Amino acid sequence: NLTGEKDPHAEAAIQFARKINLFLSRRFSEKSFESLVVAAEPRMKGWIKSKMPKAVAARCEWNAKDLNKLS
């Protein structure tokens, strides 16, 4: 945002990405999964992956697509 104001939609999405990360990190430490496919639009993928522990990210296959644009 050029005005320096925070975008409420983006802030909510970032908070959601943090919650996803926390959930996946906990489940990984509990050995609830060996591998995982993560499907998210590219910006959300970036927000999730940027804070994800490397051990968890190594177990993920990433599918960065905007599913709203699929027929």
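Biologist: Which residues does Cys 60 touch, not counting residues up to four places away in sequence?

Modeller: Cys 60 touches Leu 36, Val 38 and Met 52 once residues up to four places away in sequence are set aside; contact here means heavy atoms within 4.5 Å. The model is predicted, so local features need pLDDT of at least 70 and side-chain atom pairs count only at pLDDT 80 or more, whereas totals for chains, interfaces and linings use all residues. Residues are numbered from 1 along each chain as its sequence is written, and side-chain values use heavy atoms, with hydrogens and water left out.

Biologist: Which residues have the most contacts inside the largest nonpolar core?

Modeller: They are Met 44, Ile 48, Met 52, Val 56, Cys 60 and Trp 62, in a core of 13 residues. A nonpolar core is a set of buried Ala, Val, Leu, Ile, Met, Phe, Trp, Tyr and Cys residues joined through side-chain atoms within 4.5 Å.

Biologist: What makes the span of H1 agree with its number of residues?

Modeller: The expected span of a helix is 1.5 Å times one less than its number of residues. For the 22 residues of H1 this gives 32 Å, and the end C-alpha atoms are 32 Å apart, therefore the two values agree.

Biologist: Why is Asn 21 called buried?

Modeller: Buried means under 20% relative accessible area, exposed over 50%, and partly exposed in between (1.4 Å probe, protein chains only). Asn 21 has 7% relative accessibility and therefore counts as buried. Asn 21 touches Trp 47, Ile 48, Lys 51, Met 52 and Pro 53, not counting residues up to four places away in sequence.

Biologist: What lies 2.8 Å from a polar atom of the side chain of Asn 21?

Modeller: The backbone oxygen of Ile 48 lies at that distance. A polar contact is a pair of N or O atoms within 3.5 Å; within protein, one must be able to donate a hydrogen and the other to accept it, and residues adjacent in sequence count only if both atoms are side-chain atoms.

Biologist: And is Glu 11 buried, partly exposed or exposed, and why?

Modeller: Glu 11, also found in helix H1, has 33% relative accessibility and therefore counts as partly exposed.

Biologist: How do you know where the buried residues of H1 lie around the axis?

Modeller: Ala 10, Ala 13, Ala 17, Asn 21 and Leu 24 are buried in H1. They cover an arc of only 85° around the axis, so they are on the same side of H1; the arc is that of the directions from the helix axis to the C-beta atoms. An α-helix has 3.6 residues a turn, so residues three or four places apart point the same way. The cover over the buried residues of H1 includes S1, H2 and H3. The face turned away from the buried side carries the exposed residues Pro 8, Lys 19 and Ser 29.

Biologist: What caps the N-terminal end of H1?

Modeller: Asp 7 does, with a side-chain oxygen 3.0 Å from the backbone nitrogen of His 9. H1 is followed by Lys 31, whose phi is positive, near 60°.

How values were computed
Helices (H or I, at least four residues) and strands (E, at least two) are DSSP runs, numbered from the N terminus.
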